[in-house]
Amino acid sequence: MSRKIIIFFSLLLLSSCASLSEPGRIYKNALNNVKEKNFDSAFMNLRELARDYPNSPYSRNARFAMAEYLFTKKDYYDSLREFVSIIEDFPNTSQALFAKAIVYKALSEFSSKEIEGLSSKIKREFFAQPIILVFSEYKTKSLKTLLGSHYTIKDYVDRVEIFKDNEIFLKITP
């Protein structure tokens with residue numbers, strides 16, 4: 001009888017561990033698809049992860065990669081919607097900071113009163129925190145995305161420069 005109980009609890013423990021590792025398995029599949037340059041399949045994995053496991057530790061990176069993928073596919077509406085939700089859901093993260101830069105760049109391409117107001121708000125947020133530079137010309141923040149992009153922000157006293165893959169992506173002045 002005690003052997004059956006041990007087997008039962010062992011199986012129960014194994015099955016619960018398998019469900020805990022499911023977000024990691026999906027994330028790993030997405031990474032493998034990216035390595036194989038199968039971005040459509042990677043997007044499907046990321047969407048499944050974000051939808052089914054929104055509180056997983058992988059969710060934030062998955063959502064940023066989804067938004068970035070949509071942006072590269074020129075699906076600007078859904079991309080910007082996802083970037084804005086990242087800003088709202090994860091406000092004090094690297095993903096939110098770089099999402100703001102991408103949204104700002106996209107909005108600066110258009111001109112309307114409503115968009116100008118949002119652009120101004122994002123611009124103010126980049127310059128809201130005082131910057132103290134000691135032995136350096138600027139402060140740097142970086143983000144390497146799941147899709148392989150490398151974003152860098154150089155925060156100077158009088159401007160902010162954002163680079164994507166070592167090329168200037170956006171320059172913001174107060």
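This is a predicted model: local features need pLDDT of at least 70, side-chain atom pairs count only at pLDDT 80 or more; totals for chains, interfaces and linings use all residues.
Residues are numbered from 1 along each chain as its sequence is written, and side-chain values use heavy atoms, with hydrogens and water left out.

Let me start with the overall layout. The chain has 7 helices and 4 strands, where helices (H or I, at least four residues) and strands (E, at least two) are DSSP runs numbered from the N terminus, and along the sequence they follow the pattern α-α-α-α-α-α-α-β-β-β-β. Of the 174 residues, 37% are buried, buried being under 20% relative accessible area, exposed over 50% and partly exposed in between, with a 1.4 Å probe and protein chains only. If we take contacts between residues at least 6 apart in sequence, 41% of them join residues at least 24 apart, a contact being heavy atoms within 4.5 Å.

Now to the interior. A nonpolar core here is a set of buried Ala, Val, Leu, Ile, Met, Phe, Trp, Tyr and Cys residues joined through side-chain atoms within 4.5 Å, and the largest one has 25 residues, with Phe64, Phe83 and Ile162 making the most contacts inside it. The elements that each supply at least two of its residues include helix 4 (59-72), helix 5 (76-89), strand 2 (150-155) and strand 3 (160-164), and helix 6 gives the most, with 8 residues. Apart from this core lies another, of 16 residues, among them Val34, Ala42, Leu46 and Leu146.

Which residues does Ala65 touch, not counting those up to four places away in sequence? They are Leu46, Leu146 and Leu147; Ala65 itself lies in helix 4, and it counts as buried because its relative accessibility is 0%.

I turn next to how the helices pack. The axes of helix 4 and helix 6 come within 11 Å and cross at roughly 20 degrees, the axes being lines fitted to C-alpha atoms, for helices over the stretch in contact, with angles from 0 to 180 degrees between N-to-C directions. That makes these two helices roughly parallel, given that angles under 35 degrees count as roughly parallel, over 145 as roughly antiparallel, 65 to 115 as roughly perpendicular and the rest as oblique. In this contact Arg60, Asn61, Phe64 and Phe71 of helix 4 meet Gln95, Phe98, Ala99, Ile102 and Ala106 of helix 6.

Helix 5 and helix 6 have axes that come within 8 Å and cross at roughly 140 degrees, and they are therefore oblique to each other.

Most residues other than glycine have a negative phi. Asp165, although not a glycine, has a positive phi of about 50 degrees, and Asn166, likewise not a glycine, has a positive phi of about 65 degrees. Asp165 has its place in this loop, and Asn166 lies in the loop between strand 3 and strand 4. Asp165 is partly exposed, with a relative accessible area of 39%, whereas Asn166, at 68% relative accessibility, counts as exposed.
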